[in-house]
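Let's take a friendly walk through this model, with an eye on its rings, its charges and its strands. Please keep the sequence and the structure at hand.

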Amino acid sequence: MENSAAHLTRRKPKKPKKRWKKPLIITLSVLVLLGGLGFIYQKQLVILAFNMFASDTVKETLDDSFKPAGNEDAPVVEHTDPFSLLLLGIDQRDNEPSRSDTIIYSVVRPEDNKVLLLSIPRDSYTEIVGRDVKSKINSAYAHGEAKMAMDTVEKLLENKVDFYAAINFNGLKDIVDAIGGVELPIKKNIENKLKTHEKLFVEANKPIYNGEEALGYVRYREDSDFNRTMRHRIFLSAFMNRALEVKNLTKIPDVIKIAGSNFTTNMNSDFIVKFAESLYMKDSIPTISNYMLQGTGAMRGGVWYYDLSEEDLQHVRTMIASWLDPDATEIIEPSTDDTTESTDAA
């Protein structure tokens, strides 16, 4: 009996192992469940983390970049409604005036997850609203900043311009570096050869291009204005794709901080954040349609201008109207996607 009791006593320490099995299984199950939910609801968790840790910083920086266009208040637009945005790339060098070398009229249809990018050649000959003269469209920003640029584009296209966003190219380099570079379809080396232009060289066929190289890509001007505006739209698409990657969402506050004084807009921070969140929650990145206003070159007083085709303008005005119509069941797509064309540089 004593041996049996001793035997039973020696076996008692094994019982706690059985008691730990259930909690261990439950713990592992919870971890697996959380891991699965994290995979399935990854976007929701990232948005939650963004709202908890970064949204205040982003909104504060965006508030600093807020700049009304003239004395008029920006229109009240729901972040789910179609809206137009005038993108202005300001390329100021040395003592040159701050002209808008990049002018892209865009229409965003959040519910359809679609974006229209319409390039307006900077040398387009048109009426500059507020000056009562006809000149190159990029001079509007030089004389009246965003307000004059918006009014001029609105008159030219006969469709509203809800918002503007202007960024100085000086900030582009650091912004691209902050997201780890961008993918660009450069198939031939890009190089400035004219002595009057600054030195510029971008090597072809690299998997990722840094900020300095991306800046050279959008600044290169020794081919045609058509190709140059095409590169601007390609860069915007590449940057959007890169910025919307999950690994880069947490870098958005840094990107906005870097933009800082190089970025101004009349969109308020609440609208931008809500729109960005809705964009990120889509199952795919927005479908981007591209077009450039058509025309021909002409000399006036020894100065080269771009005369826009009135027939093409009428087509574009109708197309834009369909994109801005929230009730449109079928929008007019651009007749061509000129980002697919090859050039000597890209």
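## Rings, charges and strands

The structure holds 7 aromatic pairs, where rings of Phe, Tyr and Trp (its six-membered ring) pair if their centres lie within 6.5 Å, with planes under 30 degrees apart counted as stacked, over 60 as edge-to-face and the rest as tilted. One of them joins W304 and Y306, a tilted pair at 6.3 Å centre to centre and 40 degrees between the planes. W304 counts as partly exposed because its relative accessibility is 37%, whereas Y306, at 11%, counts as buried; buried means under 20% relative accessible area, exposed over 50%, and partly exposed in between (1.4 Å probe, protein chains only). Ring pairs also link F83, F163, F271 and F275 into a cluster.

This is a predicted model, in which local features need pLDDT of at least 70 and side-chain atom pairs count only at pLDDT 80 or more, while totals for chains, interfaces and linings use all residues. Residues are numbered from 1 along each chain as its sequence is written, and side-chain values use heavy atoms, with hydrogens and water left out.

Charges meet rings here too. A charge sits over a ring if NZ of Lys or CZ of Arg is within 6 Å of the ring centre and within 35 degrees of the ring normal.

| Charged residue | Ring | Distance from ring centre |
|---|---|---|
| K136 | Y305 | 5.7 Å |
| R300 | Y125 | 4.0 Å |

Now for the strands. Helices (H or I, at least four residues) and strands (E, at least two) are DSSP runs, numbered from the N terminus, and two strands pair if DSSP finds at least two bridges between them. Strands β4 (residues 125-128) and β5 (residues 133-136) run antiparallel and are joined by 4 bridges, with E127 opposite K134 in β5. The two strands form a hairpin with 4 residues between them, and G130 in the turn has a positive phi of about 105 degrees.

An open sheet of 6 strands has the order β9-β6-β1-β2-β3-β10, with mixed pairing. β9 (263-265) and β10 (287-292) stand at the edges with a single partner strand each, so one side of each is left without a neighbour in the sheet. Strands β2 (residues 100-109) and β3 (residues 114-119) run antiparallel, joined by 6 bridges, and V107 stands opposite L116 in β3.
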